[in-house]
Amino acid sequence: MTDSGGFRHRTWLSAEGLRLHARDYAAAEGKARLPVICLHGLTRNARDFEALAPWIATRQRRVLAVDVRGRGLSARDPNTSYWLPTYADDVRCLAQALGIARAIFIGTSMGGLITMELAALAPELIAGAVINDVGPVLASEGLARIGSYVGNAPAFGSWGEAALYLERQNAQALPHYGAEDWQAMAARMFREEGGRIAADYDPAIAGAFGTGPLPADPWDRWHGLARGRPLLLLRGGLSDLLAAGDATRMVTEHETARLREIPNVGHAPMLDEPEALAAIGEFLDEVP
């Protein structure tokens, strides 16, 4: 089924049979190029890419914007297996279901960590990646901020209240946002449920935040992704999650990686900033 937003709804099954969802944007006519798979942050969903995905599709690339399990239209996990290895295997199953052998990945925050995990699970699948404001080392300030709200979003009586809540949470990270921007963010992050406006994710993801199986050395995951692949690392100039020094280390150790800082934005750039779009466009032009 094609949505009015210019995408088709795609569903597939995880390894244990959970029904998952992604938006599928068809590539514009022209020379066939590698598809792009977009992975969102911890409490977000595929709607985060509703502007970026069609913009990329005009560049002759099919785009899949994933609802990670427990978010958006993907099923909630009764076993609360909300961990990076599980998410990575879900993406592997998506690619297998759609016959995608190789793709470029765009991962924001948690989506970037999923991409690193996927590089260990199915390295042949990743042709290149854009990693948005996340790294193998996460700053304690940002982790504390995220931990303070994940799973705790109240239900609201109106969309205006939801927008105001998001503004209070994110004004420091997005100082250029106005009232319409916060309303648009609310529409992406919340849904109407029983006459109330509620966060569009399973609150149980909070229980797995910062837990689950982790590599002995988190830098191994980054090196595994970056080794021999074209990579673009984006960092918000005001980010409290990815320290500037860690971002620099991530790219200086790999010839195929580059860093672009998005000024006056915290965690995480929304990927509609002119600087972000310019960097992503340049990167995509260089990858087949």
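This is a predicted model: local features need pLDDT of at least 70, side-chain atom pairs count only at pLDDT 80 or more; totals for chains, interfaces and linings use all residues.

Me: What do the end C-alpha atoms of α3 say about its span?

Reply: A helix is checked at 1.5 Å a residue; on that basis the 12 residues of α3 should span 16 Å, and the end C-alpha atoms are 16 Å apart, so the two values agree.

Me: How many of the residues of α3 are buried?

Reply: Buried means under 20% relative accessible area. In α3, 10 of the 12 residues are buried, so the helix is largely enclosed by the rest of the structure. The buried residues are Met110, Gly111, Gly112, Leu113, Ile114, Thr115, Met116, Glu117, Leu118 and Ala119.

Me: Which elements do the buried residues of α3 pack against?

Reply: They pack against β3, α2, β5, β6 and α8.

Me: At what angle do α2 and α3 pack?

Reply: Angles of 65 to 115 degrees count as roughly perpendicular. The angle between α2 and α3 is about 70 degrees, with the axes 8 Å apart, and the two helices are therefore roughly perpendicular to each other. On the α2 side the contact uses Leu84, Pro85, Tyr87, Ala88, Asp89, Val91 and Arg92, and on the α3 side Met110, Leu113, Ile114, Glu117, Leu118 and Leu121. By class, this contact holds 10 nonpolar, no polar and 3 charged residues.

Me: And how do α3 and α8 pack?

Reply: Their angle is about 70 degrees and their axes are 8 Å apart, which makes α3 roughly perpendicular to α8. Thr115, Met116, Glu117, Ala119 and Ala120 of α3 meet Arg221, Trp222, Gly224 and Leu225 of α8. Here the division is 5 nonpolar, 2 polar and 2 charged.

Me: What is the angle between α5 and α6?

Reply: α5 (residues 159-170) and α6 (residues 179-189) pack at about 105 degrees, with axes 8 Å apart. That makes α5 roughly perpendicular to α6. The contact joins Trp159, Ala162, Ala163, Leu166, Glu167 and Asn170 of α5 to Trp182, Gln183, Met185, Ala186, Ala187 and Met189 of α6. Its residues divide into 9 nonpolar, 2 polar and 1 charged.

Me: Which residues of the largest nonpolar core touch the most other members?

Reply: Within that core of 95 residues, they are Phe105, Ile106, Ile114, Phe190, Trp222 and Leu225. Helix α2 (residues 84-98) supplies the largest share, 7 residues. As for Phe190, its contacts beyond four places in sequence include Trp159, Ala162 and Leu166.

Me: Now the backbone. Which residue other than glycine has a phi near 60 degrees?

Reply: Asp133 has a positive phi near 60 degrees and is not a glycine. Asp133 lies in the loop between β6 and α4, and with a relative accessible area of 0% it is buried. Thr80, also not a glycine, has a positive phi of about 50 degrees. Thr80 sits in the loop between β4 and α2, and its relative accessibility of 34% makes it partly exposed.

Me: Where is the cis peptide bond?

Reply: Omega is the angle to read here. The bond joins His267 and Ala268, with omega at about -5 degrees. Ala268 belongs to the loop between β10 and α10.

How values were computed. Residues are numbered from 1 along each chain as its sequence is written. Side-chain values use heavy atoms; hydrogens and water are left out. Axes are lines fitted to C-alpha atoms, for helices over the stretch in contact, and angles run from 0 to 180 degrees between N-to-C directions. Helices (H or I, at least four residues) and strands (E, at least two) are DSSP runs, numbered from the N terminus. Angles under 35 degrees count as roughly parallel, over 145 as roughly antiparallel, 65 to 115 as roughly perpendicular and the rest as oblique. Contact means heavy atoms within 4.5 Å. Ala, Val, Leu, Ile, Met, Phe, Trp, Tyr, Cys and Pro count as nonpolar, Asp, Glu, Lys and Arg as charged, and the others, Gly among them, as polar. A nonpolar core is a set of buried Ala, Val, Leu, Ile, Met, Phe, Trp, Tyr and Cys residues joined through side-chain atoms within 4.5 Å. Buried means under 20% relative accessible area, exposed over 50%, partly exposed in between (1.4 Å probe, protein chains only). The expected span of a helix is 1.5 Å times one less than its number of residues.
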